[in-house]
Each structure stands twice: as C-alpha cells, then as structure tokens.
Amino acid sequence: MVDHLLLMLWHALLVSLFFAFLWRSSPADRLRMFAKAFLIMTVGSVVVGWLMYVVP
Amino acid sequence: MTKDTGRSTGDAQPRRARTSPFLLLAAWLVPGLGHWILGKRRRALLYCGIVVCAFVTGVLADGELGTPRPGEPFSWLATLACLGNGLLYLARLVWVNGASAALAGLPFGVDGGGDPVAVGFAYGNTFLYTGGLMNLLLVLDVSDIARGEKD
C-alpha cells in the first residue's frame, strides 16, 4: 500500500539533506538549510494542495 | 626604478587545473565515488546513500526509467535525468530487458520497467529523475573541488 504522504516526506528528506551538504559547509549552516528546505517542501506542498482544492 | 605596467603579481589569477575526465566519469558511474577519490569520505558515503535511496525508492514505487521514445522529445529529457544515476540506471535496464535485449533495443526499443497503472508510478518516476539529477550535480561538485574552487 503506497502512502503518498510518506513518499513526499521521504523525498523532502533526501533532497533537503542533499542540498544542505552540497551548498553549506558548517554544521550549523547545514542544519539551518536542511530545516528550511524540508519545511518549505513539506508544509509548502500541503499549502499548495489546499490552494489547489480551493481554487480549481 | 620599476616600470608600472598597471598589473601586479598579487592580482594574477591562479591557473585552474583541468579536471580529469576519468574522475568525472567515475563520479557519474558510481554516486559518491568522485568525492571518495578526492578524500571527502564522509560526504561520499552520504551522497551515495542519498542517490541510491532515491533510485531504489523509485524502482520499488514502480517508477519507469526514462528511455527515448520516437515522437516524444520530452522522453529525451527523462532519459537524461535517469541516466544521471550512472551504473544504477544501466543495471536496471539490463535487469528489465536482459543484456542482449537492452543492447539490441537501443535507442527506441528499450523497456524502462515500472508499472504505469500502479499507484506509485508517478512518485517512482520522480524519485528516479531526482536521483539522477542529484548525481549530475555531484559530478559538477567533484569538478569544482578538483579544481580547487570549493572545499
């Protein structure tokens, strides 16, 4: 059984981790970038999903 | 008395070394190998893990590898993205088609696997494309590190 939310979270995790390590050097910067990218991708996806529901 | 030429040796740009094509090829074929060769071992393992996880997730979610299709120009973009996975892509093609069929079917007769009617098909495709594109970025990163432009 495919869990759509889980797949989205997993994708966001992989991509956020990737770019945090690719574009930042210090651990603090990496953590900040990871958190920011992850939140944008997950929360942003939910927000856009609801917007698409409200605005067909 | 020195002649002022308007140029100082302190402003001279260091000559950039060219990156070995074999290093870039290795970086493409095996995710993380380029960073490993350059001594960035922990990053190499992390990048390898990320790309492999993305690829495996894509395959398990019944995604289809991008392969060229006649009359579909965007299929070439999908192929390029998936090809970025390197040996993973080639191994999957051989797994799905068999080695001789994969070679004989080039370029338009190769099956990319996957199940278009599966629930996770679109997600699987996304993971496959993302993994490949991330690995291509890693190749560029290896080039930058090898030329001393980045640590």
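This is a predicted model: local features need pLDDT of at least 70, side-chain atom pairs count only at pLDDT 80 or more; totals for chains, interfaces and linings use all residues.
**Exercise 1.** State the volume of the largest pocket, and find which elements line it.

*Solution.* Step 1: recall the terms. A pocket is an open set of points on a 1 Å grid over the protein atoms alone where a 1.4 Å probe fits, with protein on both sides within 12 Å along at least five of seven lines; lining residues have an atom within 4 Å of a point. Points join across faces, edges and corners, and the volume is the space filled by probe spheres set on them. Step 2: the volume of the largest pocket is about 250 Å³. Step 3: of its 14 lining residues, B:Tyr89, B:Leu90, B:Leu93, B:Ala102 and B:Leu106 are the closest to the centre. Step 4: in chain B, helices H4 (73–83), H5 (87–97) and H6 (99–104) each give two or more residues to this lining. H5(B) gives the most, four residues. Helices here are DSSP runs (H or I, at least four residues; strands are E, at least two), numbered from the N terminus.

**Exercise 2.** Which residues line the second largest pocket?

*Solution.* Step 1: this pocket has a volume of about 200 Å³. Step 2: from chain A, the lining takes His4, Leu5, Leu7, Met8, His11, Ala12, Met41 and Ser45, and from chain B it takes Tyr123, Thr126 and Phe127. Step 3: helices H1 (4–23) and H2 (27–54) of chain A and helix H7 (121–146) of chain B each supply two or more of these residues. H1(A) supplies the most, with six. Step 4: by class, seven are nonpolar, four are polar and none is charged.

**Exercise 3.** How many helices and strands does chain B have?

*Solution.* Chain B has seven helices and zero strands. Of its 151 residues, 40% are buried (under 20% relative accessible area; exposed is over 50%, partly exposed in between; 1.4 Å probe, protein chains only).

**Exercise 4.** Which residue forms a salt bridge with B:Glu64, and is B:Glu64 buried or exposed?

*Solution.* Step 1: a salt bridge puts a side-chain nitrogen of Lys or Arg within 4 Å of a carboxyl oxygen of Asp or Glu. Over all chains, the count is seven. Step 2: the partner is B:Arg69, with the closest N and O atoms 2.7 Å apart. Step 3: B:Glu64 is buried, at 14% relative accessibility, whereas B:Arg69 is partly exposed at 31%. Step 4: a network of salt bridges links B:Glu64, B:Arg69 and B:Glu72.

**Exercise 5.** Where do A:Asp29 and A:Arg32 lie?

*Solution.* Step 1: both are in helix H2 of chain A, three residues apart, about one turn of the helix. Step 3: A:Asp29 is partly exposed at 29%, and A:Arg32 is exposed at 55%.

Technical notes:
Residues are numbered from 1 along each chain as its sequence is written. Chains are lettered from A and ligands numbered from 1 in the order in which they are written. Side-chain values use heavy atoms; hydrogens and water are left out. Ala, Val, Leu, Ile, Met, Phe, Trp, Tyr, Cys and Pro count as nonpolar, Asp, Glu, Lys and Arg as charged, and the others, Gly among them, as polar.
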